[in-house]
Amino acid sequence: MTTSSPSDNSAASPEPESQPPAGRRSRRNSATTLAYAVAIVGAVAAAVVTPLGDHVMKAFLDEPTCPGEACDGKNPQNQGCGEDARTFKPAVGNPALLQLRYSENCQAVWARIERGSPGDLVTAEVTGGAKRTAEIEYGDDKFTGMVSVGDGEFQVIACAVPRAGGESTYERYCIHATEATAWR
């Protein structure tokens, strides 16, 4: 007759349920957590690229980040000033497709050239105010930084200036506008 010692439970008791090693449990929890995080990030990204997301993003950009003098010299796109901007662009006799943009919310204007060449300049100058100039580095278009016009009457002149010896065939071309111009 064989006796079993209290420490030898293999014959006397049933096999314990096998459990995964502790390392596997933590990997499974990490994988689950990662899956949840990816799902949440995906849902947020989907919301941003849908029409609802566009609406939410525009709501954040409706208020410009720099109204008035705080806009001087800044990029209108980065400041949310393009959201309400209106454009003055003569349709006839405009060889460089020069335009002026005006944001009432930002109380600022800027100029843009659409048909230029590298080295051409575009300027925007407010009477009694600042002047901004930008040079086309590559491609055929460029816009200036903003110039503050305040809340009221203003006069602004924008010019497209071809680079001497450059590819552009137009001569210096300028347009004038005021707060009463037919902005579209």
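Cys 66 is buried in this predicted model, with a relative accessible area of 1%. Its disulfide partner is Cys 71, a residue that is also buried, at a relative accessible area of 0%. Both values fall under the 20% cut-off for a buried residue. The link of Cys 66 and Cys 71 is right-handed, with 95 degrees about the S-S bond.

A search of the whole structure gives 3 disulfides, listed here.

| Disulfide | S to S distance | Angle about the S-S bond | Handedness |
|---|---|---|---|
| Cys 66 to Cys 71 | 2.2 Å | 95 degrees | right-handed |
| Cys 81 to Cys 106 | 2.0 Å | -95 degrees | left-handed |
| Cys 159 to Cys 174 | 2.0 Å | 110 degrees | right-handed |

The link of Cys 81 and Cys 106 is left-handed. Cys 81 sits in the loop between helix H2 (51-61) and strand S1 (86-88), and Cys 106 in the loop between strand S2 (98-103) and strand S3 (108-113), so this pair ties together parts 25 residues apart in sequence. Cys 81 and Cys 106 are both buried.

A disulfide also joins Cys 159 to Cys 174. Because Cys 159 belongs to strand S8 (residues 155-161) and Cys 174 to strand S9 (residues 173-178), the pair ties together parts that are 15 residues apart in sequence. Cys 159 is buried, with a relative accessible area of 2%, whereas Cys 174 is partly exposed, at 27%.

Counting bonded cysteines along the chain, the disulfides follow the pattern 1-2, 3-4, 5-6.

Terms used
Residues are numbered from 1 along each chain as its sequence is written. This is a predicted model: local features need pLDDT of at least 70, side-chain atom pairs count only at pLDDT 80 or more; totals for chains, interfaces and linings use all residues. Side-chain values use heavy atoms; hydrogens and water are left out. A disulfide is a pair of cysteine sulfur atoms within 2.5 Å. Buried means under 20% relative accessible area, exposed over 50%, partly exposed in between (1.4 Å probe, protein chains only). Helices (H or I, at least four residues) and strands (E, at least two) are DSSP runs, numbered from the N terminus.
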